[in-house]
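Student: I would like to learn how to read a structure of this kind. Could you take me through it one feature at a time?

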Amino acid sequence: MKSYEIILAGNPNVGKSTIFNALTGLKQHTGNWTGKTVDLASGTFKQDDTIYTLKDLPGTYSIISNSPDEVVSETAICKGSDLVIVIADALSLTRSLVLLFQIMSTTSNVALCVNLIDEAKKNGVFIDIDLLENYLNIPVIGLSAKNSSDIKRFKEFISTVSQETNIVKPNTFTNPNSFLTYAKEISEKCTYKVNIKNRKLVLDKILTSKYLGIPIMLIFISFLLWITISGANYPSEALMYLFSYLKPYITNGLVWLPENLVSLVVDGVYQTTAWVTAVMLPPMMIFFPLFTILEDSGFLPRIAFNMDPCFKRAGSNGKQALTMCMGLGCNAVGVTGCRIISSKNVRLASMITNCFIPCNGRFSMLITLSAIFIGGSLAKSNQSLIAALFVLLLIFIGVTTTLIVTRILTLIFKEEKKHFTLELPPYRRPELIKTLIRSLLDRTFKILTRAIRVSAPVGAIIWLMANIEINNTSILNLSADFFDPFGRIMGLDGTILLAFILALPANEIVLPIIIMTYISSGQLMDNLSTTYLSELLTANDWSAITAINTMLFSLLHFPCATTLWTIKKESGSLLCTALAFIIPTVTAILVCITTNLISNLLMTII
Amino acid sequence: MSYLTLDRLPFFKNACIYKINLTDDNSLRLKDLGFIEGEPIKSLFKSPFGDIQAYYILDSIIAIRKETAKNIEVII
C-alpha cells in the first residue's frame, strides 16, 4: 500500500485544525485564537488504497521563527514531506500568500487550499480559484471546512495532487518585501469584492470599552463559575448515591478474596475513585463545554487585549492571561500553552506562575469548602452566589499573586526588549453540538481518566497507612501528628498538610484524604453529602478560618506532579522546575502564616 | 497630507505607513504582520487601560503597544 506524508500549514485562525479533524476524524481541539495547536498533531486517512499521514502545524505568520510554536512549523517544513498544503483564509488572502511564498522558496510540492469561502461570500468577497491557480502555477482548491461534501472533494484533491511530483520549482525571489508586493498583486487580481462591509466592530467596541470591558469580562467568568457550582450540586449527589448503591454488590462479588484484601479494594481503591469521580465529573461536564464556547467565539484574545496593560506593568504581556485561562482547566495544559509567548523570559515566568490559577482539580475543593463555610454558615440567602463570589475572590488573589511573582521573576531574568503583537481574530459562532462532544471527549474524559489512574493507587496507599499500626496508632495518624505543629502555624492541622503532600500526584484527592484520615478507619462513609461533610469537618475543629487557610494553601501551593513534569519538559531546565516547586510553596506558607496571625490577633482583640 | 506617529492616529482615519524607525531583529514579526512602508492602516479601538491599541492592517485586526506604535510614522 502506498503512503504519503502531508503537512498542513497556514496563518493562525484559518481553520486548519477544523480541516484536519474533518479529514482524519481525529478529535483534536480547535479554538478561535492564535496558538491553539502548539505542537504537531498527526493523523491518517485512507483514500483509494493509499494512506495519507497528515501533520497539522501550529499557525504561523512566517516560517522565519519567532516563538517556539513557529520553530515547530519551521523544522517540520524544512524536514521535507511529500506535500505541503497551505491553508489560506479567503478573507485575508494576501497574508496567507506571503506564507505560501515563503514555503515555496524552501520546498517544492506545495498546494494551496482557500478555506472559509462561505464566510467570505457572506461578507461580499469572492475569490476566483481558477485564476489564482493560473497565477500561482500550483494546484489550488477553494472550500468551506464545515461543509462535508467539500471535505470529500478535498480528499480527492489531495490524492490527485500527491501523485504529481515536483509541482513547483523552488522560487527564485528571496526578499521578504517582494513577497508581500507580489502577494498583494495576485490577491487583488483574484478577489472580487461586492458590497464591501467593514468587519463588525460593535462587539469589540463593547467588550474593550473603557467602562464596560473589564466588568463584562468579570461577569462572564463569575457567571461561568456560578453555573458550574449550582449546576453540579445535584448530579454530584446522584453519582455519590449510585456509587454507594453499587458498593455492596462489589463486596459480594469479591467474597472469595481474603477479607483484608476486599477491604483494601472496596474501601480503599473503589471508594476513593468513586469519590473523585462524583466530585469532579459534574463540574467538568459543565465547565469545559462552556469554556470551550468562550474559546471558540474569539472572546479570549479580547481578554488578553484588555489585560495587557496590567501584565505589561509586571514585565509580561497579555498572552500570559491566555495561558492563565487555560490553567483554569488544567495547569499542565496552561504550561504547554505558554509556547505562544515569544519572549523566553516571560514564557518561563508564565510557566512558573501558572499554578497560582486554580485548576479544575482544585476547583471542586474550593467550591465545596466555600459552599460549606462561606456560603453555608456566613450567608443567609443566595448561598451559591456568595460561594461563587468567594471563589472569584480567590481567583483574584491568584491573579494578583501571579502578577507580583511575575514582576519579581522578570526583573531577575532581565527581560530582553520585544515588540508585543496580538492578533484579534473575527468572532465566530461556535458550533454547539460539536463543542459539547469534543470537550467531553478531549478534556473531560482525559482529565478524568488521569484522576482515576492517580486516585486508585493513592486510595490503596492511604488504606494501608490507615490500617497498618505501630504501637496501636496507625501510620496515617502518626504522620498527621508529625505534621500537626507545622500545620498549626499556618492555621491548618497536620491532617490537611499531610493530605496536600500525599496529593502531589493529583490535587483532586486532597479532600478525600482529609476525610479518610478524620474518619481514621481508612475508608469513606457511604453517604457523603455536604451536610455530613460539614458536620465531620466542624467536629474536627474546622472553623471558617481553617477553611479559608486551606483554600488559600490549595490556591497557592506547589503544582501537581503532572504540571511539574510538563514544566521540566517545556523549559528543559531543572532549575526552572525547582523554582516552580519552591516559589509557590514558600508563597503558600507565608500567606497562610500571615492570615493565621491576623485572625488570631483579631480574635484576641474581640 | 500630514505626517504623524501611529500612536497619535485618530480612530477610523485611513492612513498609510510611511516609515518604520525600528532596526532591531524584533521588528521582523511586525513585518510579517504587514507593518511595512506603503501599507494602508486604520486605528480601531483601545484597551480599557490604554497603552495597547488595535489596528486594521492587511485584512486583520492586530494590536500593538504604544511604545511600538511610536516608532511607526504614517501619512494621512
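Tutor: Keep in mind that this is a predicted model.

Student: Which parts of chain B supply the side that touches chain A?

Tutor: Five elements of chain B each supply at least two residues of that side: helix 1 (27-33), strand 3 (40-46), strand 4 (52-57), strand 5 (60-65) and helix 2 (66-69).

Student: How is the size of an interface often given?

Tutor: The size of an interface is often given as the accessible area lost when the parts come together. Here, the area buried between chain B and chain A is about 3600 Å², and carbon and sulfur atoms give 55% of that area. In terms of residues, 40 of chain A are in contact with 38 of chain B.

Student: How many residue pairs are in polar contact between chain B and chain A?

Tutor: The count is 15 residue pairs, with both residues at pLDDT 80 or more.

Student: Which residue of chain B meets A:Lys184 in a salt bridge?

Tutor: A:Lys184 pairs with B:Glu39, and the N to O distance is 2.7 Å. Over all chains, the structure holds 13 salt bridges. This pair crosses between chains: A:Lys184 is in helix 7 (residues 176-190) of chain A, and B:Glu39 is in the loop between helix 1 and strand 3 of chain B.

Student: Are these two residues buried or exposed?

Tutor: The cut-off for buried is under 20% relative accessible area. B:Glu39 has 3% relative accessibility, so B:Glu39 counts as buried. A:Lys184 has 24%, so A:Lys184 counts as partly exposed.

Student: Which residue forms a salt bridge with A:Lys312?

Tutor: B:Asp51 does, with the closest N and O atoms 3.3 Å apart. This pair also runs between chains, from helix 11 (residues 299-313) of chain A, which holds A:Lys312, to the loop between strand 3 and strand 4 of chain B, which holds B:Asp51. A:Lys312 is partly exposed because its relative accessible area is 27%.

Student: Which residues are linked with A:Lys312 in a network of salt bridges?

Tutor: The network links A:Lys312 with A:Asp308, B:Asp51, B:Arg65 and B:Glu67.

Student: What does a salt bridge inside chain A look like?

Tutor: Take A:Glu570 and A:Arg339, whose side chains meet at 2.8 Å, N to O. The pair links distant parts of the chain, 231 residues apart: A:Glu570 is in helix 23 (residues 561-571), and A:Arg339 is in the loop between helix 13 (331-337) and helix 14 (344-353). A:Glu570 has 19% relative accessibility and therefore counts as buried. A:Arg339 is buried as well, with a relative accessible area of 12%.

Student: How many residues of helix 12 of chain A are buried?

Tutor: Helix 12 (residues 319-329) is mostly covered, and 11 of its 11 residues are buried. Among them are A:Gln320, A:Met324 and A:Gly327.

Student: Where is A:Thr402 found, and what is it in contact with?

Tutor: A:Thr402 is found in helix 16 (residues 383-413) of chain A. A:Thr402 counts as buried because its relative accessibility is 0%. Leaving aside neighbours within four places in sequence, A:Thr402 is in contact with A:Gln320, A:Met324, A:Thr353, A:Phe356 and A:Ile357.

Student: Which residues make the nonpolar surface patch?

Tutor: A:Met285, A:Leu432, A:Ile433, A:Leu436, A:Ile437, A:Leu440 and A:Leu441 make a patch of about 660 Å². Helix 17 (residues 432-467) of chain A gives the most to the patch, with six residues. A:Leu436 is found in helix 17. With a relative accessible area of 46%, A:Leu436 is partly exposed.

Student: What does A:Ile593 touch?

Tutor: Not counting residues up to four places away in sequence, A:Ile593 touches A:Ile489 and A:Met490. The place of A:Ile593 is in helix 24 (residues 574-605) of chain A, and A:Ile593 is partly exposed, with a relative accessible area of 24%.

Note on methods:
Residues numbered from 1 in each chain as written. Chains lettered and ligands numbered in written order. Predicted model: local features only at pLDDT ≥ 70, side-chain atom pairs only at ≥ 80, totals over all residues. Heavy atoms only, no water. Patch = residues over 30% accessible without salt bridge, like charges linked within 9 Å, V, L, I, M, F, W, Y side chains within 5 Å. Areas by Shrake-Rupley, 256 points an atom, 1.4 Å probe, with all protein chains shown as cover. Salt bridge = Lys/Arg side-chain N within 4 Å of Asp/Glu carboxyl O. Helix = DSSP H or I, 4+ residues; strand = E, 2+ residues; numbered from the N terminus. Buried < 20%, exposed > 50% of the residue type's maximum accessible area, 1.4 Å probe, protein only. Contact = heavy atoms within 4.5 Å. Buried area = accessible area lost by both parts, 1.4 Å probe. Polar contact = N/O pair within 3.5 Å; in protein donor to acceptor, adjacent residues only side chain to side chain.
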